[in-house]
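Dear colleague,

Please look through it with the notes beside you.

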Amino acid sequence: MTKDKITNDSFKTQEYFVNMGPQHPATHGVLRLILTIDGEIIKNIEPDLGYIHRSIEKMCERDSYQQIVHLTDRMDYLSSHINNHAVCLTVEKSLELEVTDRVKVIRTIIDELTRIASHTLWWGVMGMDVGALTTYFLAFRDREMINDIFEETCGARLTMNYNIPGGLMNDIHPNFIKRVKEFLVHFRKKLPEYDSLLTNNVIFQKRTKGVGILSYKDAISYGVSGPVARGSGYSSDVRKIHSYAAYDKVNFDEVLFTEGDTLSRYKVRIAEMWESMKIIEQLIDNIPEGDISVPTKAVIKLPKGEFYQKVETARGELGVYINSTGTKNPYRMKFRSPGLSNLNALNQMVVGGKIGDLVATMASLDIVVPDIDR
Amino acid sequence: MIKTIHDWLFSVMPEWAASLTEMVLIAVFYLTLFAVIGLYLVLLERKVAAWFQMRKGPNRVGPWGLFQTMADALKLVTKELTGTTKADKFLYNLAPYFVIVTALVAMSVIPFTQSVQAFDINIGVFFLLAVSSIGVIGILLGGWSSNNKYSLIGAMRSGVQTISYELSVGLSLLTMVLLTGTLQLSEIIANQQEHGWLILQGHIPAIIAFMIFMIAGTAETNRAPFDLVEAESELGAGFHTEYSGMKFAYFFLAEFINMFIIASIAVTIFFGGWLSPFGITEGIIWLQPIWFTVKVVGIIFLMMWFRWTFPRLRIDQLLKLEWKYLLPLNLMNIVIMAIVIWLGWTI
């Protein structure tokens, strides 16, 4: 009896708290995770939000609908065009405004370019988080081409503000089609490099396979969306289910992997880049002629009522809810951001794993903190 | 030349003073070498990283960026030393010296050429292993005394990692010692001068030993893919998070010197040290340091290649790799080597 007691006492361990963030390389911004750790094993994770809260939803109540579009750039800055698109779609839906086919196609092409840009950046950062630093530069090499295309067409590289309710701010640049085709040729050659450098690496496979598992059931109950949900086999692609813009005109597959681990979320994103290229290739030669915007009144007043529209950003399902009382400002505006619900599932995925697992899993969630904290 | 200086010193002053002067001269020589090697390895690392990442690397300070690391060192020397208030001051200040002194001591037994070797003792290999494993105490102390949880986690990882991989380094070198029958580094090279490089003499078991040595050596120096100690995406900067200025520079330089030492051991034991390949320039003394440098830079380039290509392992995978794969393989390899020698199958 005494022997057991001594052994237990002398090897008494204690859980301790570690603040991961607000400044930490793996949290990609100002996310603070309060970790409870036993040695290297994670016992609990408590995300603490609010470090980059800019009250965008409240500011929307003050602004006109044209102005709101610009605010949404600052939510998920990596898919800024898709955010703009979501707000414009909601406003157009409420006004029962039908945009021209040309606008639809251009919006779709730029959406998909944005998705590729976002996923390449994610890939670079994923590599960095698991310790392979070279991935970051390969990713930026390819992303730079997309940013140049954006710069030429709408003047901005990141926060683009290309959409306005009713259409686009200006027409595409004459070089646009040529440059996009160049990019597609380039990227088709370079994307296999991603696989040979990282995906097929034994250490990377060991680090991600079977790590951070989110089951199909949990994926649904946590309301995760986007590549995180599809990595768990939960079909949730808004582009397929509630098709918008020109997505009903193109052929593409919804990528589904059923393992639910970090590697399957990784593979979903890599495969999505191939699918995005497929979509762009189908559209780039068939941009119809037409107006680039449908004229709207200078002050847009939405009819009284509630309006909701969701789109598929690079991170998942972004919902825009407008509650209008018939004035030029919304009475209440709410964004359903994909990052927040994806982050909620983190505890479910990582508890019981090591610190290294946490970093790899978090990278596979592709968190953009300003999207979580609006 | 060294002999001339030695004779001249002993002729002009009493024996004790001459010995003392000699020691000081050697120490100054090694310190200079230490700084030069450290700084230029940092530059090489940055250039290699740039080549792997389609960048240009440092190219502003001096031609080809040659003075960049000098400027960096100057900056670090003149910087204020900040520390945490609740750190254990004595241990916190002691830790960098542990790391840097052990690296310097280990360098003393390395034969750069036939005559440039400060300390040619008959247990050279054993001495190298013993000294290089003391360095981990500095890392442990630094992490422990910093009063930072990330540092502590890093230090604990370092302890576990070094203790594990020490075995593989030791056993893989033991395999080669079996072949030469001596621990003295100068005699190991003399053996290779006579019979050819050990990696050729020992063929298959020697190549296995070399591969194990490279993996374990990379782990010993805490470099990627085994850089769990400072894993910046997990622990910030790991054990040296709280160090700044010159103290940080000590840790930083020591990492590169340790890499140099591992590469030097690999070159000395497996690739004939300062010997030329197949004795093509035997007898030309001034080519000896050049051959040594070329080989060492080759090995270092390999280690940098690892770092800029591979992702990092997780701590349990790191231990599994050592205890379940490398160690049994290593023990088996020693037996194979013994059989090869017994049957006289060496080349």
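**Two loop residues in chain B**

B:Asn147 sits in the loop that links α5 (124-145) and α6 (149-180) of chain B, where helices (H or I, at least four residues) and strands (E, at least two) are DSSP runs numbered from the N terminus. Although B:Asn147 is not a glycine, its phi is positive, at about 60°. B:Asn147 counts as partly exposed because 15 other C-beta atoms lie within 10 Å; by the rule used, a residue is buried with 20 or more other C-beta atoms within 10 Å of its own, exposed with 12 or fewer, and partly exposed in between, the C-beta atoms being placed from the backbone.

B:Met54, which belongs to the loop between α2 and α3 of chain B, also has a positive phi of about 60° without being a glycine. B:Met54 counts as exposed because it has 11 C-beta neighbours inside 10 Å.

Before going further, please keep in mind that this is a predicted model, in which local features need pLDDT of at least 70 and side-chain atom pairs count only at pLDDT 80 or more, while totals for chains, interfaces and linings use all residues. Residues are numbered from 1 along each chain as its sequence is written, and chains are lettered from A and ligands numbered from 1 in the order in which they are written.

**Chain B as a whole**

Chain B has 13 helices and zero strands. Its C-alpha trace spans about 60 × 60 × 40 Å along the principal axes, and its radius of gyration is 21 Å, which agrees with the value near 20 Å that a compact globule of 347 residues would have; that radius is taken over C-alpha atoms, and the globule rule is 2.2 Å times the number of residues to the power 0.38. Of the 347 residues in chain B, 43% are buried.

**The two domains of chain B**

An automatic or database domain assignment provides the domain bounds, and chain B is divided into domain 1 (1-78) and domain 2 (87-342). The centres of these two domains of chain B, taken over C-alpha atoms, are separated by 20 Å. In chain B, 15 residues of domain 1 are in contact with 18 residues of domain 2, contact meaning that the C-beta atoms of two residues, placed from the backbone, lie within 7 Å. On the side of domain 1 of chain B that touches domain 2, α2(B) gives the largest share, with eleven residues. The residues of that side of domain 1 divide into 13 nonpolar, one polar and one charged, where Ala, Val, Leu, Ile, Met, Phe, Trp, Tyr, Cys and Pro count as nonpolar, Asp, Glu, Lys and Arg as charged, and the others, Gly among them, as polar.

**Where chain B meets chain A**

Between the chains, 23 residues of chain B are in contact with 26 residues of chain A.

**A sheet in chain A**

Chain A holds an open sheet of three strands in the order β1-β2-β3, with antiparallel pairing, two strands being paired if DSSP finds at least two bridges between them. β1(A) and β2 (residues 32-38) of chain A pair over five bridges, and A:Asn19 stands opposite A:Ile34 in β2(A).

With best regards
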